[in-house]
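Please open the model in your viewer and keep the selection panel at hand. The stops below go from one contact surface to another.

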Protein chains: 2
Amino acid sequence: MKLNSVDISKTASASSIVFDALRKAIIEGDVKEGEPLRQDEIARLFNTSRIPVREAISRLEEQGLVKTQRYKGAVVSGLSQTEAEEIFDFRALIEPEVIRRAVPLMSQETLERARESWTAFSTSSEPMRWGELNRDFHATLYRASGLQYHLDIIDNAMDRVDRYLRAQLVMSNGMQRANEEHIAIWEACVNGNAAQAADLTRQHITGARESLMQNINGLR
Amino acid sequence: MKLNSVDISKTASASSIVFDALRKAIIEGDVKEGEPLRQDEIARLFNTSRIPVREAISRLEEQGLVKTQRYKGAVVSGLSQTEAEEIFDFRALIEPEVIRRAVPLMSQETLERARESWTAFSTSSEPMRWGELNRDFHATLYRASGLQYHLDIIDNAMDRVDRYLRAQLVMSNGMQRANEEHIAIWEACVNGNAAQAADLTRQHITGARESLMQNINGLR
DNA sequence: CTATTTCATATTGGATCCAATTTACAATAT
DNA sequence: ATATTGTAAATTGGATCCAATATGAAATAG
């Protein structure tokens, strides 16, 4: 039998919709650290009962994005300076290795998409989108490695520091500097120079770390 | 006012009890990969409703220990050989760095506890406990680093490969070899030789990886 | 007899209800 | 006025119920 099949994309579960929305709101800083997540309020916002909301909160807690106390509910977790530094250390350890392994596997299409990402990043005038475009650029290159577990872990690390990173991008010349570094990383990838791409990525991350640590007091 | 206060340790929530129990059962291999987790059955086992069970399953999924399909429920996730290799690669990258930073911070008490761990490991005749004692040993040393985020990530990586690692320990001379390597790592720590401890840890992990890859077909 | 369809059963997703606990605030005593 | 106590409201944790979907077996057509 031949038939134009339509992807009857099963609507996502309420729980996953709420999870995605809350995660996005947290990493973008729309709900501030320390702010409580009221189950009833969220349930009303999404026209659901509290059950899917609680499942979403359980998942957020497992991701470290919220902390819950019994009978007191969940609050958005923040990072101490020490904790933020630790996550940057972690990223500086793992991301260079991932891009090093990704470079020999990058297709023309990957490089083209990455170029579009840094172009969009460098020309965007909406600070609200910088964080997203920045992540797109790196994720596109990393994805070529095929290392799904590493990619997931990097996503989690990014989720936790994203708020602070975004604040960093709009301050001083963070945006311009990030842009120049993106181009350098991209060129190393185009040239197939894995070691250099790894080294530039490491510098990109430790540089962000240093500049964040200098300004962190002003951010909180 | 003086009074002998008793810590009225609030009993943990049903959801967290179920989560801990399921996690333990999965990493110890008591529920095999591919096996479905029936909400009703689990709820009966713990004398609760399905609500806490579902929250526990949500968290397990976020940890990557189960996979769920809508209206079909959750099954214990397994690892392909490629995925297992990737996780060992990850561990070989991060654990040496953690122990390297931990060595200068190790107290006498830490070293003593680690010695007790490898002693217990080497003298235990219960294969069912080897996996636990092995983790104890490494966790004790890593914990001295104070790098909580790294420790959490390592725990997750261990959770995913624990089943296969345990199977590995009982095969061939995996147990004896692990034991010798533990002693060597421990001695490097006692001597304050961070670089050597890191290098031995890396070899310990890549060695386990190699031997697991040779036997993986027999394990599945 | 085999393949397809129908329909009852099992299972999960979500809503509503009740219990346990915390929180906010008024009432009271010092 | 301040601190303490008592109480009602708010909030979360959990149980029960209903809806949506999947599964498997019986019925039926070829």
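Contact here means heavy atoms within 4.5 Å. This is a predicted model, in which local features need pLDDT of at least 70 and side-chain atom pairs count only at pLDDT 80 or more, while totals for chains, interfaces and linings use all residues. Residues are numbered from 1 along each chain as its sequence is written, chains are lettered from A in the order in which they are written, and side-chain values use heavy atoms, with hydrogens and water left out.

Select chains A and B: 30 residues of chain A are in contact with 29 residues of chain B. About 2,700 Å² is buried between chain A and chain B, 56% of it from carbon and sulfur atoms; buried area is the accessible area (1.4 Å probe) that two parts lose on being put together, summed over both. Next, pick A:Glu62, A:Glu86 and A:Tyr149, which supply 27% of the area that chain A buries against chain B, more than any other three residues.

Six salt bridges (a side-chain nitrogen of Lys or Arg within 4 Å of a carboxyl oxygen of Asp or Glu) are counted between the two chains. To see one of them, select A:Asp89 and B:Arg101, whose closest N and O atoms are 3.1 Å apart.

Zoom in on B:Arg50, where an N or O atom of the side chain is 3.0 Å from a base nitrogen of DNA strand C. Finish at B:Arg38, which has a polar side-chain atom 3.2 Å from a sugar or linking oxygen of DNA strand C.

How values were computed
A polar contact is a pair of N or O atoms within 3.5 Å; within protein, one must be able to donate a hydrogen and the other to accept it, and residues adjacent in sequence count only if both atoms are side-chain atoms.
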